[in-house]
Amino acid sequence: MKKLSYIGFDLDGTLVDSHKAIYDCLKYTIPKYADIDVSKIIDTVFPLTLDQFPNYIDFVSKKDFLEFKIFFIESFDEIYYKKVSIIDGAIKTLDFCMNKYGNENIFILTNRRNKSAIQICNYLGITDIISTKNIYSTINDGSKNPKLNSMSNIVSKYSNSLEGYYVGDSAIDIESAISNRLLPLYISKKKDDTNISVFNLKLGYNLFHDIVDIIDVLEKLTTKK
């Protein structure tokens, strides 16, 4: 295993549980703009940016999508963000990383809007550990996985001699990490998760059931200089 110098984290599904919050907000906001059963598309759109929604949801028109986007953002930021909860072990894991490597070597990269990400991180105490300047949001570049290029911009800030890891819970996270020469640490509780075989993940090496489980692996890696 490579020696760790810096580490990044996904937010939704990795550090925080926002699935129900997004589901409830979609149920409240989307009926006016699209005829769709939210329960059938939530797991597809959950890890995506809002701008990617029209690829999977048949909005009546572009205007309807833009109106939905505004309505969703306003509703989530005013009401539904309070339904987001911290995942068990997330704070302990972040504390460990900060003490081990220094907060300058820890970042969050999320498909969530930056304002919303910071709001949630403030609400749940994550910004007590990670500075808001190290919380990044993906930039929509029209690609299927905009996180890939956004991660590249972050990685470029670190020395080429440093090794990095990225902790996430989706195929998008794994693909982005691998493409940027970071070792993905994948969190999944699913016994039949196809990502495990597709990416040849190994339990205890880069596959974990709970985020706190990565601490045992990180303990064995080089600390900050």
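Student: Which residues touch the most other members in the largest nonpolar core?

Tutor: A nonpolar core is a set of buried Ala, Val, Leu, Ile, Met, Phe, Trp, Tyr and Cys residues joined through side-chain atoms within 4.5 Å. Buried means under 20% relative accessible area, with a 1.4 Å probe and protein chains only. In this predicted model, the largest core has 60 residues, and Ile-7, Phe-9, Leu-15, Leu-26, Phe-53, Phe-76 and Leu-218 touch the most other members. A separate, second core of 11 residues includes Tyr-6, Leu-109, Met-151 and Ile-154.

Student: How should I treat numbering and confidence?

Tutor: Residues are numbered from 1 along each chain as its sequence is written, and side-chain values use heavy atoms, without hydrogens and water. As the model is predicted, local features need pLDDT of at least 70 and side-chain atom pairs count only at pLDDT 80 or more, while totals for chains, interfaces and linings use all residues.

Student: What is Ile-7 in contact with?

Tutor: Contact means heavy atoms within 4.5 Å. Leaving aside neighbours within four places in sequence, the partners of Ile-7 include Cys-97, Phe-107, Tyr-165 and Leu-218.

Student: How many of the contacts join residues at least 24 apart?

Tutor: Among contacts between residues at least 6 apart in sequence, 69% do.

Student: What share of the protein is buried?

Tutor: Of its 225 residues, 51% count as buried.

Student: And how many helices and strands are there?

Tutor: Helices (H or I, at least four residues) and strands (E, at least two) are DSSP runs, numbered from the N terminus. The protein has nine helices and eight strands. Its C-alpha atoms fill a box of roughly 55 × 35 × 30 Å along the principal axes.

Technical notes: Buried < 20%, exposed > 50% of the residue type's maximum accessible area, 1.4 Å probe, protein only.
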